[in-house]
Amino acid sequence: MLVAGFFFFFSLSSHNKLERADKEYTFGILLWVIIPFSVFTIAETKLRWYILPLYPVMALLIGIFVSKIIKTSKNGFLNIMVVFMIIFTFCKYEMEILHNIRNMRLPDVQEVLKELESKEKYYGYDIYIYENGWSQSKILAAELFGDLHVKNGNYKEFITRQDALLLLPKNKETTELIKTKKLTIVVEGPKDYIVGR
């Protein structure tokens, strides 16, 4: 389909009816598609957002193509089909976006922090992390879901504070630590604990 589109616009640019400026615009649009498409086809990693530069030009190409069909077509059925395809495509992708938003799953650590929303007793507490430091997403989740004050530090700093929580991974070492130090499990997730004293 992309190759067919290239041939369509290449044939458009080769018509004598087009002014020099139109040919330059057509050539520019072709370069706008070909260069990013080629580069990202060659790239080893294929992440969705790599092709974002192609979206505006593809919208332009679709608009030009649909406009040309509607203006030159004598067939009313073809015009109706083009409009129907545009509406159908819009609705399909809108439904997909809504589905993704409704069924979004948070990473495990964020799910554990989200469970603190229902535990108002812990709002405003300081929270420490057992290992690896705070990532930006963990900080945001802690602040949004529990109005927690994220602190740099580890178990040693947590244990000196009365109104503090500790986020730690669920493994043999941390499970044993919880038992030996008689910590209270505030929230337990599949891979993490949030504990208090």
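How are H3 and H4 oriented relative to each other, roughly parallel or roughly antiparallel? Keep in mind that this is a predicted model. The axes of helix H3 (residues 54–72) and helix H4 (residues 76–102) cross at roughly 155° and come within 9 Å. An angle over 145 degrees counts as roughly antiparallel, and therefore that is how H3 and H4 run. The crossing of H3 past H4 is left-handed. On the H3 side, Val66, Ile69 and Ile70 make the contact, and on the H4 side it's Leu78, Asn79, Val82 and Ile86. Sorted by class, that gives six nonpolar residues, one polar and no charged ones.

Now for the charged side chains. Those of opposite charge can pair when their charged atoms come close. Searching the whole structure turns up four salt bridges. One of them sits in H4, where Lys92 and Glu96 are four residues apart, so about one helical turn separates them. Their side chains meet at 3.7 Å, N to O. Lys92 is partly exposed at 42% relative accessible area, and Glu96 is partly exposed too, at 31%.

Another salt bridge joins Asp126 and Arg161 at 2.6 Å, N to O. Asp126 is in strand E1 and Arg161 is in the loop between helix H7 and strand E3, so this pair ties together parts 35 residues apart in sequence. Asp126 counts as buried, at 9% relative accessibility, whereas Arg161 is partly exposed at 32%.

Then there's Glu188 with Lys170, a salt bridge at 2.8 Å, N to O. Glu188 belongs to strand E4 and Lys170 to the loop between E3 and helix H8, 18 residues apart.

Definitions and conventions:
Residues are numbered from 1 along each chain as its sequence is written. This is a predicted model: local features need pLDDT of at least 70, side-chain atom pairs count only at pLDDT 80 or more; totals for chains, interfaces and linings use all residues. Side-chain values use heavy atoms; hydrogens and water are left out. Axes are lines fitted to C-alpha atoms, for helices over the stretch in contact, and angles run from 0 to 180 degrees between N-to-C directions. Helices (H or I, at least four residues) and strands (E, at least two) are DSSP runs, numbered from the N terminus. Angles under 35 degrees count as roughly parallel, over 145 as roughly antiparallel, 65 to 115 as roughly perpendicular and the rest as oblique. A crossing is left-handed if the near helix is turned anticlockwise from the far one by less than a right angle, and right-handed if clockwise. Contact means heavy atoms within 4.5 Å. Ala, Val, Leu, Ile, Met, Phe, Trp, Tyr, Cys and Pro count as nonpolar, Asp, Glu, Lys and Arg as charged, and the others, Gly among them, as polar. Buried means under 20% relative accessible area, exposed over 50%, partly exposed in between (1.4 Å probe, protein chains only).
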